[in-house]
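Please read them with the coordinates open beside you.

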Amino acid sequence: MQNATYADLADLADGADLVLKAQIRKQAQLKPERAVGVRPGYARLYIEANTIELLSGSIPVGESLRYLVDVPLDAKGRAPKLKKTEVILFTRPPSGRRGDLQLVNPTAQLAWSPQLETNLRSILGELVAADARPSITGVRDALSIAGNLAGESETQIFLSTANDGPVSLTIIRRPGQAPVWGVSWSEIVDQAARPPRPQTLEWYRLACFLPADLPRAANLSDSSEARQRAAADYRYVRQQLGSCPRARP
C-alpha cells in the first residue's frame with residue numbers, strides 16, 4: 001500500500017464507481033495456483049472488512065465486504081498483517097452476493113490516513129462537479145499566426161476529449177516578454193485564460209495525458225516558421241505543466 005501522488009489518486013478515483021473507507025477484519029493469503037497473474041514480490045489476499053463510510057458512489061454495499069487485493073511482500077517474503085487496518089478501496093459495483101467487490105485494479109487499496117482522505121475528497125468533489133473537466137484523449141489541431149510586430153504571435157491548440165467537450169490552449173508571445181498561456185474549457189477561445197493550478201483536476205487532465213510533443217498531423221500552420229513556432233509553443237506548455245509523478249505500479 002504505497003504512498004500515492006495526486007495523479008495516483010486521480011487515476012484510481014476516475015476509474016472507480018465506488019470509493020469506500022473500510023476496516024479489515026480478516027485476511028487469508030491465496031495459494032500460488034489460485035493467484036494467477038500476481039506480479040513478482042506480491043501476494044494475493046482474500047479480505048473480509050467492515051464498511052466505515054461510502055466516499056463516492058450511490059450503490060448500496062452493505063456492512064460486510066469481501067474482495068481480493070494484491071499487496072507487496074515484506075523483506076522476508078511475507079504478506080503484511082492487515083487486521084484492523086483502515087483502508088480506502090476503489091471498486092466497481094458489487095457482483096454476485098451483496099458485499100462482494102472487485103477492485104478497479106489488483107492493488108487499488110490504500111492505507112487510510114487523514115491527509116489521504118482530505119486529498120481524495122478534494123479530487124472526488126472535482127470529478128462530480130457540474131463543470132468537471134473532461135478526459136483529454138489527444139491533440140486535434142494547432143495553428144500559429146504571427147502578429148504585426150517582430151516576435152509577436154498567437155498559437156491556438158485544440159484538444160480532443162472523451163466527451164467531445166471543447167478544450168483549447170492559447171499561447172501569446174509579445175516582444176521582450178515571456179510567453180503567456182492559458183487553457184479554456186468552453187467553446188470560447190479566451191485570450192484571458194490562465195494556466196491550471198498544480199495538483200488540480202485541470203492540471204491532471206493536461207499534465208498527465210497530453211502527448212510529449214505536438215503531433216505533426218495536428219500542426220496546421222501554413223509555413224515552416226509557423227509550424228516550428230506552434231511546436232515550440234506546445235513544448236513550452238508541456239514544460240510549464242511539469243511532470244506527472246506516480247508512485248504506484
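1. Contact, as I use the word here, means heavy atoms within 4.5 Å. By that criterion, and not counting residues up to four places away in sequence, Leu206 touches Ile136, Leu159, Leu169, Val183, Trp185, Pro196, Arg238 and Leu241.

2. Please keep in mind that this is a predicted model, in which local features need pLDDT of at least 70 and side-chain atom pairs count only at pLDDT 80 or more, while totals for chains, interfaces and linings use all residues. Residues are numbered from 1 along each chain as its sequence is written, and side-chain values use heavy atoms, with hydrogens and water left out.

3. The protein has four helices and ten strands, where helices (H or I, at least four residues) and strands (E, at least two) are DSSP runs numbered from the N terminus. Read from the N terminus on, the order of the elements is α-β-β-β-β-β-β-α-β-β-β-β-α-α. The radius of gyration, taken over C-alpha atoms, is 23 Å, well over the 18 Å that the globule rule gives for 249 residues, so the protein is more spread out than a compact globule; the rule itself is 2.2 Å times the number of residues to the power 0.38. Along the principal axes, the C-alpha atoms fill a box of roughly 70 × 40 × 30 Å.

4. Of the 249 residues, 43% count as buried, a term that means under 20% relative accessible area, with exposed meaning over 50% and partly exposed in between (1.4 Å probe, protein chains only). Helix α1 (residues 6-14) is largely enclosed by the rest of the structure, because seven of its nine residues are buried. These are Tyr6, Ala7, Asp8, Leu9, Ala10, Leu12 and Ala13, and the buried residues of α1 pack against β4 (86-92), β6 (109-111), α2 and α3.

5. A nonpolar core is a set of buried Ala, Val, Leu, Ile, Met, Phe, Trp, Tyr and Cys residues joined through side-chain atoms within 4.5 Å. Of the 63 residues in the largest such core, Tyr67, Leu89, Phe90, Leu159, Leu169, Leu206 and Leu210 touch the most other members. Helix α1 gives the most to this core, with six residues.

6. Which cysteines form a disulfide? Taking a disulfide as a pair of cysteine sulfur atoms within 2.5 Å, the structure holds one, formed by Cys208 and Cys244 with their sulfur atoms 2.0 Å apart. The pair links distant parts of the chain, 36 residues apart, with Cys208 in the loop between α3 (201-207) and α4 (224-241) and Cys244 in the segment after α4. With 90° about the S-S bond, the link is right-handed. Cys208 counts as buried at 13% relative accessibility, and Cys244 counts as buried at 18%.

7. Strands β9 (residues 167-173) and β10 run antiparallel and are joined by five bridges, where two strands pair if DSSP finds at least two bridges between them. Within this pairing, Ile172 stands opposite Val180 in β10. The hairpin has six residues between the strands, and Gly176 takes a positive phi near 75° there. Strand β10 (residues 180-184) is mostly covered, with four of its five residues buried.

8. Arg133 lies in the loop between α2 (114-128) and β7 (136-146). Leaving aside neighbours within four places in sequence, Arg133 is in contact with Trp185, Leu201, Glu202 and Arg205.
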